[in-house]
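Please open the model in a viewer and keep the selection panel at hand.

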Amino acid sequence: MNKDWITFAMPKGRIFEEAADLLRNAGYPLQEDFSAGRKLILEAPDAGMKFFLAKPMDVPTYVEHGVADIGVAGKDVLLEEQRDVYEVLDLHISACYLAVAGLPQQRKERVAPKIASKYPNIATQYFKAQGEQVEVIRLSGSIELAPLIGLAERIVDIVSTGKTLKENGLVELETIASVTSRLIVNPVSYRMKDKQIDDIVARLSAVIKEGSPS
Ligand SMILES: Nc1ncnc2c1ncn2[C@@H]1O[C@H](COP(=O)(O)OP(=O)(O)OP(=O)(O)O)[C@@H](O)[C@H]1O
Ligand SMILES: O=P(O)(O)OC[C@H]1O[C@H](OP(=O)(O)OP(=O)(O)O)[C@H](O)[C@@H]1O
């Protein structure tokens with residue numbers, strides 16, 4: 001673990017820019033074209049921060065192993081991965097929710113055994129709690145395809161605007177949980193770098209409070 005820098009595991013893609021903007025607003029100087037290009041390690045020396053650009057689902061792994069002090073991960077990823085990390089702050093970015101969806105006839109035929117998802121643990125736990133026996137088929141993306149071509153009758157996936165469901169003729173059947181991105185911290189880093197990490201959390205909290213409606 002690097003003592004001088006604070007290291008971040010950051011999800012490549014849709015969350016990164018929003019998280020970077022929060023850090024800028026909190027007073028940490030990150031250049032504007034920060035994530036342009038293909039580099040996977042980005043340094044912001046003036047902020048004393050290093051960023052590792054990872055697959056969103058892998059962020060908690062880097063933080064649990066202590067190679068990153070801090071991470072930004074969706075609540076969906078945290079529920080799925082169940083890693084040994086502290087969840088310290090709701091960043092209120094990338095809001096969406098987890099839902100069960102399917103073809104409209106699934107509204108009537110409630111019980112259907114096959115569920116496709118990139119969240120196999122969440123799906124398994126959810127249906128177990130409902131007392132429903134299902135087979136969960138793991139996919140990596142384009143989950144909405146599964147009911148259209150008969151791989152599964154229902155899916156467990158993220159819904160945001162509902163556009164993907166609608167354009168593919170699917171309907172939401174049940175809501176599972178709301179999702180926003182969270183700041184997570186490695187427990188050992190929190191002990192070793194407590195002042196630096198508390199400062200980041202306090203500054204980000206202030207920015208989030210400013211931005212939220214009272
Ligand atoms: N449509 C959406 N709108 C808002 N937030 C979303 C949406 N889809 C996913 N998210 C949130 O953003 C996080 C990252 O999603 P993203 O689609 O960038 O990654 P991914 O699909 O897991 O990765 P990849 O596309 O690299 O395989 C998710 O874990 C979730 O918290
Ligand atoms: O309700 P909407 O606004 O349409 O957003 C929901 C879609 O966004 C995510 O997919 P993503 O874009 O990450 O692609 P993926 O299928 O490769 O996971 C999610 O898995 C849904 O498919």
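This is a predicted model: local features need pLDDT of at least 70, side-chain atom pairs count only at pLDDT 80 or more; totals for chains, interfaces and linings use all residues.

Residues are numbered from 1 along each chain as its sequence is written, chains are lettered from A and ligands numbered from 1 in the order in which they are written, and side-chain values use heavy atoms, with hydrogens and water left out.

First, select ligand 2 and the 13 residues around it (a heavy atom within 4 Å); Glu-144, Ser-160, Thr-161, Gly-162 and Thr-164 come nearest.

Next, display the side chains of Glu-144, Thr-161 and Thr-164. An N or O atom in the side chain of Glu-144 is 2.7 Å from an oxygen atom of ligand 2. For Thr-161, the corresponding separation is 2.5 Å, and for Thr-164 it is 2.5 Å. The protein covers 72% of the 490 Å² of accessible area (Shrake-Rupley method, 1.4 Å probe) that ligand 2 has on its own.

Then colour β9 (154-159) and α6 (163-167), the elements that give two or more residues to the shell around ligand 2. β9 gives the most, with three residues. Helices (H or I, at least four residues) and strands (E, at least two) are DSSP runs, numbered from the N terminus.

Finally, select Arg-14, Asp-76, Lys-118, Tyr-119 and Ile-158, the closest to the centre of the largest pocket among its 35 lining residues.

Methods. A polar contact is a pair of N or O atoms within 3.5 Å; within protein, one must be able to donate a hydrogen and the other to accept it, and residues adjacent in sequence count only if both atoms are side-chain atoms. On a 1 Å grid over the protein atoms alone, a cavity is a set of points where a 1.4 Å probe fits but cannot get out, and a pocket is an open set with protein on both sides within 12 Å along at least five of seven lines; lining residues have an atom within 4 Å of a point.
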